[in-house]
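Morning, everyone. Please look at the screen while I talk you through one protein chain.

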Amino acid sequence: MKTKDIVLKELERNRASYISGQELAEKLKISRTAIWKAINNLKEEGFQIESQTKLGYKLMESDDKLSDQGIRKGLREELKDIDLIVFDEIDSTNTEAKRRLYSSDVKDFTVIVSDMQKGGRGRTGKTFASPKGSGVYFSIILHPRDFFDFSYFDLITVKAAVSVAQGIKEATGKQAEIKWVNDLFIDGKKICGILSELDADFESRSVKSVIVGIGVNVNEPKDDSFKDLKNIAGYIGTDVIRNEILSAILNAFYENNYNKSDKEIIEYYKRHSLVIGKDLTFELNGKKYSAVGHDINEKGNLIVDTGEEKITLSSGEVSVKGNFYK
């Protein structure tokens, strides 16, 4: 670990409190000069560190730069030693996850995070705006422990959506609602999209890995990234730093994937659904339908009622008529 990373870890532990250069040097067993150089390197990278004579150094409480140390600080004990890779900029965290899967061994629950994406992707090939400094964009790589039933693929995204909603609630107190299957909304605008992908051998019907890509809009971008999306794209709007929000989501994701029953997760998903009981339109096999959202089944599929029949949707997009948030 580089000196600056070790120093940052100590600053995170003492966030919003001063720690002297002498204390840092003695604790980390390095020179005061090395501490000074590390602090300057961190400042150059964008960390908000205040220096005061006789007091030392302080990582500002408002510092919102994503970091390994800041994210890891809030993780539950089971996740303290996960592989966590943080980028300032990347094409796509899902694409990076695939690169790593194809080039080396990747641990279960590896997390790849970026401050921005130049080529963020959504479902059906859509782009996902990922502006710098305002959101958190990440992918989780999972290795199924048992035989993976392909028909339960939607349940992966359901668990991710529930985890994001719970993590946001835990960190900020704000409740996000879920539009089947992969979008989350606050105040009627989309604040999160999810893209789940399989690394699978379809001949043997075996799944090597699952990549769950999640993009969360935390605060209003400083640039004009949302100018063409202002009626659609929203953001949480919070003073809570992004490291804490991501930690809370990852903690919930672990709980929902390894501890909670599928039934509990589906019940939460349905309680916060934006489509159950709502008038919907969708297309299936080239035919357009109007229906009412009826239920979510145990596989995370949406059941709709056309008035003539009930249809189970395992993929695709549905549109909600009217102001669906209210």
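Let me start with a term. A salt bridge is a side-chain nitrogen of Lys or Arg within 4 Å of a carboxyl oxygen of Asp or Glu. Side chains of opposite charge can pair when their charged atoms come close.

Now the ground rules. This is a predicted model: local features need pLDDT of at least 70, side-chain atom pairs count only at pLDDT 80 or more, and totals for chains, interfaces and linings use all residues. Residues are numbered from 1 along each chain as its sequence is written, and side-chain values use heavy atoms, leaving out hydrogens and water.

First, the overall build. The chain has eight helices and 14 strands. Those are DSSP runs, numbered from the N terminus: helices are H or I with at least four residues, strands are E with at least two. The radius of gyration, taken over C-alpha atoms, is 22 Å, close to the 20 Å that the globule rule gives for 326 residues, so the chain is as compact as a globular protein of that length. That rule is 2.2 Å times the number of residues to the power 0.38.

Next, the domains. The assignment, which is automatic or from a database, gives domain 1 (3-59), domain 2 (68-272) and domain 3 (278-320). Contact means heavy atoms within 4.5 Å. By that test, 11 residues from domain 2 and 15 residues from domain 3 take part in the contact between them.

How much area do domain 2 and domain 3 bury between them? About 1200 Å², with 52% of it on carbon and sulfur atoms. Buried area is the accessible area (1.4 Å probe) that two parts lose on being put together, summed over both. On the domain 2 side, Asp154, Lys179 and Trp180 supply 43% of the area buried against domain 3, more than any other three residues.

What about charge? Across this interface the rule finds one salt bridge. Asp295 and Lys270 also meet in a salt bridge, at 3.1 Å from N to O. Helix 6 (153-172) and helix 8 (262-271) are the elements that give two or more residues to the side of domain 2 that touches domain 3.

Now zoom out. The whole structure holds 25 salt bridges. One pairs Glu45 with Lys4, their closest N and O atoms 3.1 Å apart. Those two are 41 residues apart: Lys4 is in helix 1, and Glu45 is in the loop between helix 3 (32-44) and strand 1 (49-52).

Last, two backbone details. Trp180 comes back here: a cis peptide bond joins Trp180 and Val181, with omega about -5 degrees. Val181 lies in the loop between strand 6 (177-179) and strand 7 (183-186). Phe109 has a positive phi, near 65 degrees, in a residue other than glycine.
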